[in-house]
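Have the sequence and the 3D view open as you read.

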Amino acid sequence: MDRIDALRLLIEVADTGSFSGVARQRAMATSTVALAVTQLEEEAGARLMTRSTRRLVFTREGESLLNDARRIVSDWDTAMGELREDGPLSGSIRISTTNDFGRRQLRPLLDAFQARHPGIHVSLVLSDSTVDLIEERIDLALRNGPLRDSGMRARLLIGGKRLVCASPQYWARHGKPTHPDHLADHNCLILARPGAPLAAWPFRDAERQFSVKVSGDRQASDGGVLREWAVDGIGVIIKNRWDIQHELTAGELEVALEDFVVGATDMYAVYPGGSPPRRVAALVDFLAESLGDPHAA
């Protein structure tokens, strides 16, 4: 077995958590998988994992080799893919994005992409917290900008902005604020993140940028729940336009504070450094085309 195949098996062992699981997927003997890992350990001169009857735990050396193996195999697949430009796309794509966007917009787009490319397998990871691409083995993340500096590569998919809104019924009961400071008198629904709820909402007027600390009787770690509460007339939310466009069009939500530009936000496709595999690059192209003009508000 060559080194690339052995590294593939190492990655699959990490992903499945067992030698036998890989053996079943590959229709090979479990001893063949174990032998490939043993040969890697002999060549590395270090134990890569500890094995028991219940679980596998990678050592520090094993984690280091595993990270390198993912990069090496990805680069190899990309290089080989360049030689098979006209071949069908195949393989797995692990993609991460926010809960609301993932359920409402990304899921049907992934369905359409897989209908075009039946050899593609998708694993969708939804979280309103930032997911570590390397640690969580993410091939592609869709993230709202501006982005922090990192070693990741990024491509703009769609431009937009955040909006402050509530249901018409809520505004009728409590009145629309005319200045962000007036949000102190409103029940603001807050996106909860571990240790850092998003309770400081950004604004800008002609003279300055500033933030207003808001509060309310409900928090949720899922932006979709906040949107549903707002539609039900419970409180005020701040949301990306693309997450609430349907509700705005249907008149279920109304925007306030139009004279104050809330922090602009764009959506980017983000992936680890280096050239992405052909299947990932094709998905990014498909999403950019499907989501429309990236400069639209």
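## A first look

The protein chain has an average pLDDT of 86, and 90% of its residues score at least 70; pLDDT is the predictor's confidence in each residue, from 0 to 100. This is a predicted model, so to speak of local features pLDDT must be at least 70, side-chain atom pairs count only at pLDDT 80 or more, and totals for chains, interfaces and linings use all residues. Residues are numbered from 1 along each chain as its sequence is written, and side-chain values use heavy atoms, with hydrogens and water left out.

One stretch to treat with care is residues 293-297, where pLDDT stays under 50. The model has 11 contacts beyond four places in sequence for this stretch, a contact being heavy atoms within 4.5 Å. Where pLDDT is low, the predicted coordinates should not be read in detail.

Overall, the chain has 9 helices and 13 strands. These are DSSP runs numbered from the N terminus: helices are H or I with at least four residues, strands are E with at least two. Of the 297 residues, 41% count as buried, where buried means under 20% relative accessible area, exposed over 50% and partly exposed in between (1.4 Å probe, protein chains only).

## The cores

A nonpolar core is a set of buried Ala, Val, Leu, Ile, Met, Phe, Trp, Tyr and Cys residues joined through side-chain atoms within 4.5 Å. The largest one holds 24 residues, and Leu140, Leu142, Leu157, Leu283 and Leu287 touch the most other members.

| Element | Residues |
|---|---|
| Strand 3 | 91-97 |
| Helix 5 | 99-116 |
| Strand 5 | 140-144 |
| Strand 6 | 153-166 |
| Helix 9 | 278-290 |

Helix 9 gives the largest share, 6 residues. Setting aside neighbours within four places in sequence, Leu283 is in contact with Ile93, Ile95, Leu110, Phe113 and Leu140. There is also a second, separate core of 20 residues, including Ile11, Ala23, Ala36 and Val37.

## A loop residue

Where is Glu258 found? Glu258 sits in the loop between strand 12 (254-256) and strand 13 (264-271). With a relative accessible area of 57%, Glu258 is exposed. Glu258 and Thr178 are 80 residues apart in sequence, yet their C-alpha atoms are 8.8 Å apart in space.
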